[in-house]
Structures are given as C-alpha cells and as structure tokens.
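This briefing sets out what can be read from the structure shown below, grouped by topic for a reader who has the coordinates open.

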Amino acid sequence: MNDQIDKTTEWVCDKCRQALVPQKVKVRYLDGNFEVDLLKCPTCHMVFISDELAMGKMLEVEKGLEDK
Ligand SMILES: [Zn+2]
C-alpha cells in the first residue's frame with residue numbers, strides 16, 4: 001500500500017511537466033479550516049490532491065492562495 005504522498009518522489013504536473021513542490025495549502029473541510037502540505041505546480045498552481053483527500057466530498061481547496 002502506498003497511499004501517502006511520498007515527498008522523496010518527484011511528482012510532475014501533467015500539463016506543464018514541472019516538478020510539483022510541497023506547499024502549505026488552506027483547506028476547508030466541514031466547518032474547519034486546515035493547513036495541509038500539498039504538492040503544487042509552481043507554473044499553473046494546480047494542486048495535487050491525493051485520492052484520500054479527494055474522497056472527502058466537502059473538501060474545498062482554496063485556489064489562488066497566498067502569493068507569498
Ligand atoms: Zn502545471
């Protein structure tokens with residue numbers, strides 16, 4: 001079983017062929033806000049969401065996040 005994001009593996013954006021970088025992303029889940037480390041494309045800002053996270057139907061990843 002390997003359902004965790006493996007940060008030693010390079011994940012690559014399908015569109016840009018850019019290596020994804022781990023970044024804190026604000027996630028809204030049910031009534032709470034969380035900050036989680038997700039992998040994000042530095043070029044198109046696509047956030048890679050693991051199947052585990054994607055299965056939470058209430059989950060909304062706020063896109064366009066901090067530009068800092
Ligand atoms: Zn991309």
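**Strand pairing and overall picture**

Strand E1 (residues 21–29) and strand E2 (residues 32–40) run antiparallel and are joined by nine bridges. The model is predicted, and the chain averages a pLDDT of 73, with 59% of the residues scoring at least 70. The points below begin with the chain as a whole and then turn to individual residues.

**Architecture**

- Of the 68 residues in the chain, 9% are buried.
- When contacts between residues at least 6 apart in sequence are considered, 45% of them join residues at least 24 apart.

**Confidence**

- Confidence in the chain is highest in E2, at a mean of 84, and lowest in strand E4 (residues 60–61), where the mean is 56.

**The hairpin of E1 and E2**

- Two residues lie between the strands of this hairpin, and Leu30 adopts a positive phi near 55 degrees there.
- Across the pairing, Arg28 stands opposite Asn33, a residue of E2.

- As background, most residues other than glycine have a negative phi.
- Arg17, which lies in the segment before E1, has a positive phi near 60 degrees although it is a residue other than glycine.
- Arg17 counts as exposed because 9 C-beta neighbours are found inside 10 Å, and the cut-off for an exposed residue is 12 or fewer.
- His45, placed in the loop between E2 and E3, is likewise a residue other than glycine with a positive phi, in this case near 65 degrees.
- His45 has 13 C-beta neighbours inside 10 Å and therefore counts as partly exposed.

**The loop before the helix**

- Ile49 is located in the loop that runs between strand E3 (47–48) and helix H1 (51–54).
- Because Ile49 has 18 C-beta neighbours inside 10 Å, this residue counts as partly exposed, given that a buried residue needs 20 or more.
- Ile49 and Leu39 are 10 residues apart along the chain, and their C-alpha atoms are separated by 7.5 Å.

Terms used. Residues numbered from 1 in each chain as written. Predicted model: local features only at pLDDT ≥ 70, side-chain atom pairs only at ≥ 80, totals over all residues. Contact = placed C-beta atoms within 7 Å. Pairing = 2+ DSSP bridges. Helix = DSSP H or I, 4+ residues; strand = E, 2+ residues; numbered from the N terminus. pLDDT = per-residue confidence, 0-100.
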